[in-house]
Amino acid sequence: MILIKNGQVIENNKLVQKDILVKDSKIEKIGTNLNYECDILDATGCIVMPGAVDVHVHLREPGFETKETIKTGTASCAKGGLTSIMSMPNLKPCPDSKENVLLQLELIKKDALVNVYPFGTITINEEDKELSKIDEFKDLVYGLTDDGRGVNNLSILEQAMNLAKKYDLTIASHAEDNEYKTSPAGEYIAVRREIELAKKVGCKYHFCHMSTKESFDAIRLAQKEGYPITCEVAPHHLILNKDMIKDANWKMNPPLRSEEDRLETVKALIEGVACMVASDHAPHTELEKSKAYDLCPNGIIGAETMIPIIYTHFVKTGLISLDKFLDILVYNPIKIFNLPKRDLCVGSVADIAVIDIENSHQYTKEEILSKGKNSPFIGMSFYGFTKYTLVNGLVVYKK
């Protein structure tokens, strides 16, 4: 048994001091002044919350283990208070067939420290030429995406949408037009045409890492019309803009945008047009990121800093409520992708994050557990870093 003592839980948008007893992977009891002969985790000055759910994590294995492995990637997630993640499929081999998805699931079962739910690809090898064998692996994945590349073959995309609707899967789009690429127009032109296609088919459609005013305007309108179209925003697009770029550790796709677009991203989150935050954790080697900005790969790590950024810049400042903090980091991702439910209540699986909200901490390169050290947030200070993370009742991270 484990007893989490002296922490505060979020109840009706307020912090309430409660102790939590964990037994046999489940939450056994929640109350005040609990005392048991067992392992004690002191949560003084901390919020005790359901572990965060991140639907956009690149674990790189199989195929790119020099950048990250399932073991190191999920250790980084545990450090960040993430207890359930969805793994992106730009792997080798891609999860575009039942055989390849099963290979990935075996590696996850062997090495993952947190719950990992894989995406299957929309197209074979993410090449935008041939539909993946979705009928084969539909029961093994929680969504479909060719993340890292935009699907510009609208005929194939429509086929995938119809299958997603048939099997009640959500498509997650990396919206990028092949002609305009990473420019703002590259995003919102793709968003607009994909929305029209999704409206025609009637499937559940989710846009990854949205970053432009025009994209949010199109999504907002589709939502007002009642279509099941959702989107996420990334922490870096919420607090950074293109004028801040220093080096290759600030390079990602979509790239950092103008200050106007950053403010529109914040507005979308506050209004609920963007219903969740996702890290787009994308590790690369230090050698790759040491190249000139134009020559190095896109992507930054973000699993360890997502909760601290949102707590510091949005909860602590009063921009969002405590309840909304849980919605965008836990409940909405579960709902949109039909993931196994998690909550902080008696009987629930004990997937728990204990975050320190009293002490500011400066993020350092030395503490990073990911293989990738490519973070623009190194040297920045935040509240809300994780003190303990539990998954299935076991402590998988302890500061």
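User: How many of the 10 residues of helix H10 (residues 306-315) are buried?

Analyst: In helix H10, 9 of the 10 residues are buried, so the helix is largely enclosed by the rest of the structure. Buried means under 20% relative accessible area, whereas exposed means over 50% and partly exposed lies in between, with a 1.4 Å probe and protein chains only. Helices (H or I, at least four residues) and strands (E, at least two) are DSSP runs, numbered from the N terminus.

User: Before going on, what kind of model is this?

Analyst: This is a predicted model, in which local features need pLDDT of at least 70 and side-chain atom pairs count only at pLDDT 80 or more, while totals for chains, interfaces and linings use all residues. Residues are numbered from 1 along each chain as its sequence is written, and side-chain values use heavy atoms, with hydrogens and water left out.

User: Ok, back to H10. Which residues there are the buried ones?

Analyst: They are Met306, Ile307, Pro308, Ile309, Ile310, Tyr311, Thr312, Phe314 and Val315.

User: And which residues touch the most other members of the largest nonpolar core?

Analyst: Phe207 and Phe325 do, in a core of 103 residues; the largest share of this core, 9 residues, comes from helix H11 (residues 322-337). A nonpolar core is a set of buried Ala, Val, Leu, Ile, Met, Phe, Trp, Tyr and Cys residues joined through side-chain atoms within 4.5 Å.

User: What is Phe325 in contact with, leaving aside its neighbours within four places in sequence?

Analyst: With those neighbours left aside, Phe325 is in contact with Ile10, Met49, Ile307, Ile310, Tyr311, Val315, Ile320 and Ile355, where contact means heavy atoms within 4.5 Å.

User: What aromatic pair do Tyr311 and Phe325 form? I'd also like the total count of pairs.

Analyst: The count comes to 7 aromatic pairs. The pair of Tyr311 and Phe325 is edge-to-face, at 6.0 Å centre to centre and with 75° between the planes. Because Tyr311 lies in helix H10 and Phe325 in helix H11, this pair ties together parts that are 14 residues apart in sequence. For the rule itself, rings of Phe, Tyr and Trp (its six-membered ring) pair if their centres lie within 6.5 Å, and planes under 30 degrees apart count as stacked, over 60 as edge-to-face and the rest as tilted.

User: New topic: where is Glu194, and what is its nearest side chain of opposite charge?

Analyst: Glu194 is in helix H5 (residues 184-201). Glu194 is buried yet has no salt bridge, and its nearest side chain of opposite charge, Arg193, is 5.1 Å away. Lys and Arg count as positive here and Asp and Glu as negative, while His and the chain ends are not counted. A salt bridge is a side-chain nitrogen of Lys or Arg within 4 Å of a carboxyl oxygen of Asp or Glu.

User: Then which side chain does a polar contact join to Glu194?

Analyst: The side chain of Tyr205 is joined to Glu194 by a polar contact of 2.8 Å. A polar contact is a pair of N or O atoms within 3.5 Å; within protein, one must be able to donate a hydrogen and the other to accept it, and residues adjacent in sequence count only if both atoms are side-chain atoms.

User: How many salt bridges does the whole structure have?

Analyst: A search of the whole structure finds 19 salt bridges. One of them joins Lys200 and Glu158, with the closest N and O atoms 3.0 Å apart; this pair links distant parts of the chain, Lys200 in helix H5 and Glu158 in helix H4 (residues 154-167), 42 residues apart. Lys200 counts as exposed at 60% relative accessibility, whereas Glu158 is partly exposed at 22%.

User: What about Glu187 and Arg257, buried or exposed?

Analyst: Glu187 forms a salt bridge with Arg257, the closest N and O atoms being 3.6 Å apart. Glu187 lies in helix H5 and Arg257 in the loop between helix H7 (235-239) and helix H8 (259-271), so the pair ties together parts that are 70 residues apart in sequence. Both Glu187 and Arg257 are buried.

User: Last one: where is His209?

Analyst: His209 is in the loop between strand E11 (205-207) and helix H6 (213-224), and it is buried with a relative accessible area of 3%. A polar contact of 3.2 Å joins the side chains of His209 and His174.
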